[in-house]
Amino acid sequence: MAHTGKSEYPTGNPAYPAAPAGYPEQTPPDYADSNHQQNVQQQPVQTLIFRQPQQAAPSDYLAFAICVTICCCLPFGIVGIIKATEAKNRFASGDYDGAEESSESAKTWSIAGLVTGVITITLVIIFNIFSTAAAVNNANEYYYSS
């Protein structure tokens, strides 16, 4: 289509096409006009905040698990630390039931580690006492038998 120099839009306002037949010509408002007042109504803003009932965080037994790891039984203490951390993370994500479950698991593993460590340490002490007594008895027989 060749350009003939004629516009398909009316010359009065080149940004708008002509109004259909039977309608008056409309022009956009002149926003630069100082007499023009714009009536803007601000819509009310409604903010919805959903909060869950505040529940106390279950004890995570992390300190207990760390003490068990250092002092008593390394494998059970490590599992206790993992479960204690899991309880803390589950509570932070809103899974209260899962946090309770992990908390109880951390407590169980830590107690198992404590009991295992105490029994092991007690047996080692008893073994050392008897082995020392046997060594002293053997030494006395050796020195005094000649």
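A surface patch here is built from residues with over 30% relative accessible area and no salt bridge, joining like charges within 9 Å and nonpolar side chains (Val, Leu, Ile, Met, Phe, Trp, Tyr) within 5 Å. Keep that in mind for the second stop.

This is a predicted model, in which local features need pLDDT of at least 70 and side-chain atom pairs count only at pLDDT 80 or more, while totals for chains, interfaces and linings use all residues. Residues are numbered from 1 along each chain as its sequence is written, and side-chain values use heavy atoms, leaving out hydrogens and water.

**Stop 1: the whole chain.** Start with a cartoon view. You will find three helices and zero strands, in the order α-α-α; helices are DSSP runs of H or I with at least four residues, strands are E runs of at least two, and both are numbered from the N terminus. Of the 146 residues, 14% are buried (buried is under 20% relative accessible area, exposed over 50%, partly exposed in between, with a 1.4 Å probe and protein chains only).

**Stop 2: the nonpolar patch.** Select Ile111, Val115, Ile119, Leu123, Ile126 and Phe130, which make a nonpolar patch of about 570 Å². Click on Ile119, which sits in helix H3 (residues 96–144). Ile119 is partly exposed, at 46% relative accessible area.

**Stop 3: Ser103.** Stay in helix H3, where Ser103 is also placed. Is Ser103 buried or exposed? Its relative accessibility is 3%, so Ser103 counts as buried. Leaving aside residues up to four places away in sequence, show its contacts: Ser103 touches Pro58, Ser59, Asp60, Tyr61 and Ala87 (a contact means heavy atoms within 4.5 Å).

**Stop 4: the salt bridges.** There are two to visit, each with a side-chain nitrogen of Lys or Arg within 4 Å of a carboxyl oxygen of Asp or Glu. Asp60 is buried at 19%, whereas Lys88 is partly exposed at 46%.

Finish with Lys83 and Glu86, whose salt bridge spans 3.9 Å, N to O. Both lie in helix H2, three residues apart, about one turn of the helix. Lys83 is partly exposed at 24% relative accessibility, and Glu86 is partly exposed at 26%.

Methods
Areas by Shrake-Rupley, 256 points an atom, 1.4 Å probe, with all protein chains shown as cover.
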